[in-house]
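I opened a new page for this model and went through it piece by piece. Here are my notes, in the order in which I looked things up.

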Amino acid sequence: MSASGRTAQEIDPLSGITARIFAMAVGCVAVISATTLTLLNPQEIGSPPLMLLAFVALVAGFGHLVWAADPFRRTVTRARYGITYGLVLVAAVLESLAQLGRDTDVRNDWGPIAVALVLMVSGSYRRPREIVVGTVIAALVVAGTTVLHSGTVGLAGLVGATTMSGTLVVALGGGAAIFAASLIAGLRAERRRSDDVRRNRNVRDRRRAIEEFLGTDIEALRREVLPFFRDLKLRDALTDGDRQQAAELARLLRSSLARRLADEPLEGLVGVFDDPLLLAAALNTEQRTALRTVLSHFAGLPGRSASDLSLVLGRGGVAGGGAAGGAADGAADLPAERMTGELVAAFGAERGPTAGIAPFVGLMQLAFPHVDAHPTRDAIVIRFDF
Amino acid sequence: MSLVLPTDVEGVLTGRALGRAAIWVSSVFLLSTFILVLAFGIVVPQAGVPLALTGLAVAGLAVAWALLVSHPWGVLGLMLVAGLGLFLFAFQVSLDLGPTWRSDSIIFTMPKIAITVVGVDGRSLLSSLLRSTIGFVLASVAVQVATRMNGLVFSFDLPSICIWFGIVILLAMLWYGRSRAKRGVSTMQAAAAVEERVTERSRVAAEASAVLHDTVLDDLLALSLSPPGPLVDEHRAFLAKDIASLAHPGLLVDEVMNRGIGDAEALEASGLAPIIRSAGNRGLQVVVSGEPRLLLELDPRVRGEFLGAADQALSNVSRHAGTLFAEVAVASGSQSINLVVTDSGRGFAARTRRGAPGRPELSLRRRIEDVDGTVVVWSTPGQGTSVLMSVPVARCGADG
């Protein structure tokens with residue numbers, strides 16, 4: 001995927017949760033409209049098998065979109081949306097062909113309505129330019145099918161018929177493109193503004209930083225080294241005993257530093273932490289923050305604690321084959337050099353593990369390039385690479 | 001550092017985007033109405049043509065305005081104006097229509113839809129539903145009264161009723177989806193904000209601690225290797241400094257924090273920040289590491305070329321690397337200042353990129369070589385690319 005121009009869902013995956021429900025509703029509206037219009041105008045159907053195929057394509061198209069828009073997956077990619085769009089376009093053409101020679105009123109055709117609706121839902125999932133291209137293609141197809149039925153009515157009649165059938169496509173397709181462009185621009189501006197606010201906030205945290213600094217192993221340093229240095233400065237002379245004490249303090253300090261380097265803050269947030277290759281060091285601040293937030297959420301659920309959580313980091317499919325035990329179906333798709341992680345939250349059978357976690361998966365998607373969530377009966381497995 | 005928080009939790013941006021889209025939808029429906037009037041050859045009395053067109057235009061402008069304002073009474077007033085515009089249009093157009101025409105004709109349905117879409121921009125579900133319903137009722141009443149005055153047969157406009165109902169259903173779904181997306185978001189925002197601050201404070205504390213440990217460790221080693229006897233001046237100096245640091249650790253924290261603030265200021269002053277922002281606008285997240293303040297030591301012309309090359313390298317990442325993340329590191333070498341642009345994208349085999357002049361990396365190389373610098377590119381297919389650009393210290397501002 002090119003870095004230039006991300007979709008609204010990629011910039012703010014939370015919008016994908018709303019968009020999926022919207023896609024489901026639009027799919028239902030499309031199918032209900034198609035059924036109603038077909039039942040109201042049975043005399044216009046010339047080929048029932050073609051009409052049946054059109055219905056199959058329509059249902060398959062929207063069904064695929066609802067599947068692809070699952071908030072636990074990354075995004076509705078161009079290919080996934082392309083499949084939906086193609087199927088609905090095919091449905092519109094088949095519906096038109098099914099009425100060939102008997103279509104007395106293009107106003108009651110459901111093909112253009114379905115095409116317009118599939119364009120309408122693309123606003124959250126695709127880039128404006130792609131939506132415009134899709135709208136132009138759809139308008140041409142709808143105009144073509146209209147001409148097919150209105151070939152002998154003269155220019156004015158043709159203009160009237162194509163306007164009737166094409167208005168909804170142009171209106172909703174163009175509207176979706178404008179929606180996408182406006183939302184993407186707004187999300188980017190908002191993100192930049194938030195970044196600036198936070199950059200200016202750090203200064204206010206000085207006191208807390210000092211407190212934390214004092215709370216780290218500097219306390220041991222102050223207890224051991226400070227009296228030694230003060231005494232030495234007072235005496236203004238170095239003895240063999242001082243040299244030995246300095247060497248001993250240096251040795252203790254070195255081993256304390258080594259221990260501190262090996263400490264991983266995320267380890268304290270989970271019951272099982274497995275990072276044999278010390279890959280946690282490669283997590284950036286955003287990724288750590290997202291992980292901490294999601295772990296805190298899981299651990300804070302009623303009756304749950306950090307001990308119910310496990311975090312496994314590895315390379316390639318290592319994490320996928322770890323604690324989750326086979327939940328990593330997509331591990332083979334990841335390039336071998338990628339670092340991957342797997343977060344498993346175990347739940348009791350009394351609570352649905354997926355309840356309310358979609359926004360947290362969305363948060364993970366903001367920080368990691370690839371995130372997949374696999375809810376099972378009593379656990380949720382979130383896989384990510386970084 | 002980019003923000004790891006949801007951006008449009010309250011749906012303000014989504015509402016604004018929906019409003020703009022609705023202006024387009026409304027305009028298309030009104031324009032189509034006009035085209036249909038022409039295509040159907042509807043005869044409007046000569047004096048009535050400007051009135052009909054004015055009515056349509058007024059309805060369109062009022063709807064667009066209603067989608068841009070937020071005051072409820074303002075919206076209601078504009079919807080009334082839109083209804084009046086539609087009445088004017090419907091009255092003029094239906095003046096000479098024959099008895100076969102009915103009040104549910106498509107030339108009346110389309111403007112009704114154009115007015116009904118005004119509801120999508122509501123700030124709440126109730127407000128959205130009210131707007132849509134009021135728009136639909138006003139438009140329907142305007143059309144029915146106007147056509148009835150001219151003797152057209154009354155008929156329920158089923159398509160417009162269905163579309164109004166569809167809009168109501170979709171609005172309800174939209175708001176339901178939004179409420180689901182918001183579930184847990186307040187907890188998440190609070191947790192994320194706390195965690196981010198903890199992370200930042202920990203970083204400052206860890207860095208200060210590391211500085212202190214390194215210094216003290218070096219000084220202890222120096223003492224252990226020194227011969228017994230009176231302390232020398234060097235000993236006295238570092239003992240005084242170490243005692244001060246250990247006794248007053250706040251000073252060290254200040255130093256580390258000021259260094260961080262200095263780096264942010266250096267990013268702006270050096271001109272690197274706009275380049276990072278520009279990459280961000282293209283969808284590329286760039287992390288800056290090292291010492292950006294080193295760039296300020298460069299002669300302005302050299303710095304310009306250096307940053308131009310960095311911008312070009314990041315553009316290449318956006319266009320070719322197929323990744324959304326890159327890193328820019330600034331560091332000093334023994335005789336040079338180095339800037340490295342790294343990505344973990346698809347990379348390339350060196351041979352496949354050799355070819356015609358005009359390739360982006362050629363002009364990048366030319367920029368750097370023009371200021372006596374060097375460019376080294378490492379890339380492996382599937383494993384990303386690193387571009388190291390160096391300019392000699394001799395070309396820095398001191399002698400530039």
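**Entry 1: spans in chain B.** I began with residues 158–176 of chain B, which are 100% helix and 0% strand, with their end C-alpha atoms 27 Å apart. For the terms, I noted that helices (H or I, at least four residues) and strands (E, at least two) are DSSP runs, numbered from the N terminus. This is a predicted model, in which local features need pLDDT of at least 70 and side-chain atom pairs count only at pLDDT 80 or more, while totals for chains, interfaces and linings use all residues. Residues are numbered from 1 along each chain as its sequence is written, and chains are lettered from A and ligands numbered from 1 in the order in which they are written.

I then checked the record: the unreviewed UniProt entry gives "transmembrane region" for residues 21–43, 49–68, 75–93 and 158–176 of chain B. I kept in mind that UniProt positions are given in the numbering used here, that feature names are shortened, and that annotations may be inferred rather than shown by experiment. Residues 21–43 of chain B came out as 83% helix and 0% strand, and the end C-alpha atoms are 33 Å apart.

Entry 2: For chain A, the unreviewed UniProt entry lists "transmembrane region" at residues 21–40, 52–69, 81–98, 110–125, 132–156 and 168–189. I looked up two of these spans:

- Residues 21–40 of chain A are 100% helix and 0% strand, with end C-alpha atoms 28 Å apart.
- Residues 110–125 of chain A are 62% helix and 0% strand, with end C-alpha atoms 24 Å apart.

Chain A has 12 helices and six strands. Of its 386 residues, 48% count as buried; a residue is buried if 20 or more other C-beta atoms lie within 10 Å of its own, exposed if 12 or fewer, and partly exposed in between, with C-beta atoms placed from the backbone.

I also looked at confidence, since pLDDT is the predictor's confidence in each residue, from 0 to 100. The mean pLDDT of chain A is 80, and 80% of its residues reach 70 or more. Over residues 318–336 of chain A, pLDDT stays under 50, and the model has 42 contacts beyond four places in sequence for them. Two residues are in contact if their C-beta atoms, placed from the backbone, lie within 7 Å.

**Entry 3: the sheet in chain B.** In what order do the five strands of the open sheet in chain B stand? I read E2-E3-E4-E6-E5, with mixed pairing. Two strands pair if DSSP finds at least two bridges between them. E2 and strand E5 (374–379) of chain B are at the edges with a single partner strand each, so one side of each has no neighbour in the sheet. Neighbouring strands of this sheet are turned by 15° against each other on average, direction ignored. Helix H11 of chain B packs on the sheet and touches E2, E3, strand E4 (336–343) and strand E6 (385–392) of chain B; the direction of H11(B) makes about 15° with that of E4(B). Axes here are lines fitted to C-alpha atoms, for helices over the stretch in contact, and angles run from 0 to 180 degrees between N-to-C directions.

Next I followed one pair: strand E2 (residues 285–290) and strand E3 (residues 325–332) of chain B run parallel, joined by six bridges.

**Entry 4: single residues.** B:Ile243 sits in helix H8 (residues 233–247) of chain B. Is B:Ile243 buried or partly exposed? B:Ile243 is partly exposed, because 16 other C-beta atoms lie within 10 Å. Leaving out residues up to four places away in sequence, B:Ile243 touches A:Leu226, A:Phe229, A:Arg230 and A:Lys233.

A:Asp236 has a positive phi of about 60° although it is not a glycine. I found A:Asp236 in the loop between helix H9 (218–235) and strand E1 (237–238) of chain A. A:Asp236 is exposed, with 11 other C-beta atoms within 10 Å.
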